[in-house]
Amino acid sequence: MNTVSQPAPIALTKLPSALRRLYLLRFAFAAVWAALLFATADRLGPLSGTLLVLYPLFDAACAVVDLRSARTADGAVRRLSVNIALSILAGIALAFALASGVPAVLRVWGVWAVTAGITQLAVGLVRRRMGGQWPMLVSGAISALAGASFFLQADKDGASLTNLAGYAFLGGVFFLISALRLKSAEQND
């Protein structure tokens, strides 16, 4: 009887290391992005518009990197694929919403934050045995709640982009915490 040998799956021990690097990159990006948006959030101009479209596209790119390292290592593949699609759609929708003003941007961002938060929760749940995922679970829940808040804020007078900077920075902090927790969980093995 002939057997065909297949390549060995990525070891689960390599996934936390790859995630740690990715989470640290996401923290750094979120911190810089938040500072730039905060500095330009008083009006919707070329820089703030570019930043707004860039954020979900960066999220999609990070999910692609995560997907490649997770492909054979955990059950997050389908959930990450959904995240990629949602983030790309959000980037496109934001590019169109920019022409309609801050309220339209907040509505699109709000819907994306809700769906991205739910997806992040789903990925964190399938990875909970890996350790270091509770920050991702909390961040996903906060993202969903914040997204609903952004959507509702769009209808109020004086709607502003400033809260999006705080949202991104807080999300980055959760990625940093998760990266540090993954490191300590990996060292305890």
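A: Accessible areas here come from the Shrake-Rupley method with a 1.4 Å probe, and for residues only the protein chains shown count as cover. On that basis the accessible surface of the protein comes to about 9,900 Å², of which 66% belongs to carbon and sulfur atoms. This is a predicted model, in which local features need pLDDT of at least 70 and side-chain atom pairs count only at pLDDT 80 or more, while totals for chains, interfaces and linings use all residues. Residues are numbered from 1 along each chain as its sequence is written, and side-chain values use heavy atoms, with hydrogens and water left out.

Q: How many helices and strands are there in the protein?
A: There are six helices and zero strands, taking helices (H or I, at least four residues) and strands (E, at least two) as DSSP runs numbered from the N terminus. Read along the sequence, the pattern is therefore α-α-α-α-α-α.

Q: And what share of the residues count as buried?
A: Of the 189 residues, 46% count as buried, where buried means under 20% relative accessible area, exposed over 50% and partly exposed in between (1.4 Å probe, protein chains only).

Q: Which residues have the most contacts inside the largest nonpolar core?
A: They are Trp-33, Leu-37, Leu-52, Tyr-55, Trp-109, Leu-161 and Leu-164, in a core of 33 residues. Such a core is a set of buried Ala, Val, Leu, Ile, Met, Phe, Trp, Tyr and Cys residues joined through side-chain atoms within 4.5 Å.

Q: Which helix gives the largest share of this core?
A: That is H4, with eight residues.

Q: What does Trp-109 touch?
A: Leaving aside residues up to four places away in sequence, Trp-109 touches Trp-33, Leu-52, Tyr-55, Pro-56, Leu-94, Phe-150, Leu-164 and Tyr-167, a contact being heavy atoms within 4.5 Å.

Q: Back to the surface: which residues form the nonpolar patch?
A: Leu-57, Ile-88, Leu-89, Ile-92 and Phe-96 form it, with about 490 Å² of accessible area together. Patches are made of residues with over 30% relative accessible area and no salt bridge, like charges being joined within 9 Å and nonpolar side chains (Val, Leu, Ile, Met, Phe, Trp, Tyr) within 5 Å. Helix H3 (residues 77-97) provides the largest share of the patch, four residues, whereas Leu-57 lies in helix H2 (residues 46-70).

Q: Changing topic, how many salt bridges are there?
A: The count comes to three, a salt bridge being a side-chain nitrogen of Lys or Arg within 4 Å of a carboxyl oxygen of Asp or Glu. In one of them the side chains of Arg-26 and Asp-59 meet at 2.2 Å, N to O; Arg-26 lies in helix H1 and Asp-59 in helix H2, so the pair ties together parts that are 33 residues apart in sequence.

Q: Are Arg-26 and Asp-59 buried or exposed?
A: Arg-26 is buried, and so is Asp-59.

Q: What about the pair with Asp-155?
A: Asp-155 forms a salt bridge with Arg-107, the closest N and O atoms being 2.6 Å apart. Asp-155 lies in the loop between H5 and H6 and Arg-107 in helix H4, so this pair ties together parts that are 48 residues apart in sequence. Asp-155 counts as exposed at 56% relative accessibility, while Arg-107 counts as partly exposed at 29%.
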